[in-house]
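Subject: A structure for you to look through

Hi there,

Here is the structure I promised to pass on. Have it open while you read, and my notes on what turned up follow below.

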Amino acid sequence: MIVQALAFYLFAGMTIASAVMVIAARNPVHSVLFLILAFFNSAGLFVLMGAEFLAMILVVVYVGAVAVLFLFVVMMLDIDLVEIRQGFLQYMPIGGLVGIILLVELLFVLGAWIAVPETAAVTGVPLPPPEQVPNTRALGVVLYTKYVYLFQASGLILLVAMIGAIVLTLRRRDGVRRQSISGQIGRRREDSVEIKKVPNRSGA
Amino acid sequence: MIADDLMIVLPELLLAGLATILLMFGVFRGNRSTPSVLMLSVAGLAVVFAVLVLRPGAHGDAFGGLFVADGFAVFMKALVLIGSAATMIMSLRYFERKQALRFEYPILMLFATLGMLMMISAGDLMSLYLGLELQSLSLYVIAAFRRDNLRSTEAGLKYFVLGALSSGMLLYGASMIYGFAGTTSFQALAAVFAETMVAGEAPSVGLVVGLVFLIAGLAFKVSAVPFHMWTPDVYEGAPTPVTAFFATAPKIAAMALFVRVVMGPFGDFVGQWQQILVVISIASMVLGALAAINQTNIKRLMAYSSIGHVGYALVGLAAGTEAGVHGVIVYMAIYLFMNIGTFACILCMRRKDVMLEGIDDLKGLSKSNPLMALVLAIFMFSMAGIPPLAGFFGKLYVFLAAIESGLYTLAVVGVLSSVVGAFYYLRIVKLMYFDEPGESFDQPVGGEMVVILVGAGAAILLFFVFPAPLLDGAAAAAAALLAG
């Protein structure tokens, strides 16, 4: 129990600390790295709650895809830090307002939880109980049996989305030099090297 | 158990397999394989059609009620497959001439058709949404298929943005319904609502709000007023064969879905949705009749005409009875053949390899091309609802159903607006037969066009001689829907 509590405080503390660093760091690349740290620690929190599937998804999707994308964008853009800092005070009130609204909404969610105790009874009991089946397995079992039709249909939709993106955007441009690997490997010495006898005192 | 499920979804399974195999074929062979991919797609659709129609025993629910195969589904799917195959055949030469032939076009049409089949067989709000998205996503892409053409890309973008909005409304409605009824399955929803009705309670407000949003989303997909704004722009901007496709198969699938949703789970709540349907039906009929009068572009005219036709079909649905559903099915079947024929004529309108879209270009067609003028005149008379052509019977059955249900206002407005609508259909006939001819269109139009034109024309012209196959099939389909 004590180990769990310690782990919780470690993960929670690290999450908050790295979240603060995300907005406090001077270098945007550092911000993104702290964001990744925050994601990892939140994943740890999920594991502590017994939601190991969410933890994996958080790492795979957010760290693997979203954060790396951020990193790319940040490194690609030429960001002038001094310029960004200038408007800080100006945007402070709006940022604060958004923060307060978020806080109030969170309180509402908690309030509903307390005001209607049945909610917890209904939503808080997953089927099957997590002690018997790990939740990755539980999800997989319904996804590939009961909902296999919907699963396959979603796959087809994603396929169509991919085809659509390619149809609408892929263009073959002329004059683009491409690497032809088979051409490179298939090149023989005779094709590119010519041996000439050079007579004395006359040059090639 | 899974084997039984797979047997029930066999037509869809075949279509999905065919589409992915042809996709690989196209990717490896490149764009020069497009004609063969297109022809193979049409052949595949024919095979799926045969499997669908020749296995009448394979009915039932699959995947725990997510997928429903009944007589209604089989009938509507057959219509969708006919529409898809016919428009696919019509599009080959168009894209060849425009040199915009790419193998993804038939593939996307196959996926759209698959989505339509899934919509028609939806037995759950989730499978409804996924089928709808598969269809819509493919349609957005083929609307913008000529990506170097400004109007085509504009059509695709408009369709996409408004389609996403309507999907959002539909999802919002579905979530409300799920929240207040506790299930997404149509069967379970019907059971819950039947209990409410037996107890004599009114449905909760949240449920009604959800239903309204769901109907709004579906009305967008069938392009009923007031959710029709996208239709004229998309029909005008999209390449003509794509417009032909939009006007036929997706309309039928969306209408089938509409019928299944409101008559199935919400069948006990007729009082709740009837007034909504009456309003959108009247609005669609009136707008379809009035707004088309001033059009000079024939594709835009067909867009308003299709809005009007959807209004007439909704008259049958608003009746909320078996006779009404029967009327909707008959109407949509006849609508399919009229539209295939009319768009085949529009695709033949070209001079010196330039596609023409103006109504005035049809002037004097009876002198330069009497056969095409005759066939187009048949379609226009039929759309106007003049007996003894098929279009008259379509209108007859929906209006009869409305009168039987006591919706006199609706029937009277319908008849009046069809009189107004007759004006612009007959104007085309007048242009063709009584105006001085301009230059004639390019000849020959191509063998496949002649087959489609003559076939659709014969179906419309001779319907009153052999009405039994369609009427009996539609009656059986309507009975199957309400029994299930």
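Over all chains, the structure holds 16 salt bridges, where a salt bridge is a side-chain nitrogen of Lys or Arg within 4 Å of a carboxyl oxygen of Asp or Glu. Please keep in mind that this is a predicted model, so local features need pLDDT of at least 70 and side-chain atom pairs count only at pLDDT 80 or more, while totals for chains, interfaces and linings use all residues. Residues are numbered from 1 along each chain as its sequence is written, chains are lettered from A and ligands numbered from 1 in the order in which they are written, and side-chain values use heavy atoms, with hydrogens and water left out.

Some salt bridges to find

Next, Lys430(B) and Asp435(B) form a salt bridge at 3.7 Å, N to O. Is Asp435(B) buried or exposed? With 15% relative accessibility, Asp435(B) counts as buried, whereas Lys430(B) is partly exposed at 41%. Salt bridges that share partners also build one network, and its members include Arg151(B), Glu154(B), Lys158(B) and Asp233(B).

Where the chains meet

Chain B gives 25 residues to the contact and chain A gives 20 residues; contact means heavy atoms within 4.5 Å. Together the two chains bury about 2000 Å², with 81% of it on carbon and sulfur atoms. Buried area here is the accessible area (1.4 Å probe) that two parts lose on being put together, summed over both.

How many salt bridges cross this interface? The rule finds one, and it joins Arg171(A) to Asp148(B) at 3.1 Å, N to O. On the side of chain B that touches chain A, the largest share, eight residues, comes from H6(B).

A helix in chain A

Chain A has ten helices and zero strands, and buried residues make up 19% of its 204 residues. Take a look at helix H2 (residues 28–48) of chain A, which has 21 residues and reaches 30 Å from its first C-alpha to its last, close to the 30 Å expected at 1.5 Å a residue. That expected span is 1.5 Å times one less than the number of residues.

Among the buried residues of H2(A) are Leu35(A), Phe39(A) and Asn41(A), and what covers the buried residues includes helix H1 (2–24) and helix H3 (52–76) of chain A. At the N-terminal end, Asn27(A) caps H2(A), with a side-chain oxygen 3.0 Å from the backbone nitrogen of Val29(A). After H2(A) comes Gly50(A), whose phi is positive, near 85°.

Enjoy exploring, and write back with any questions!

Best wishes

Technical notes. Helix = DSSP H or I, 4+ residues; strand = E, 2+ residues; numbered from the N terminus. Buried < 20%, exposed > 50% of the residue type's maximum accessible area, 1.4 Å probe, protein only. Polar contact = N/O pair within 3.5 Å; in protein donor to acceptor, adjacent residues only side chain to side chain.
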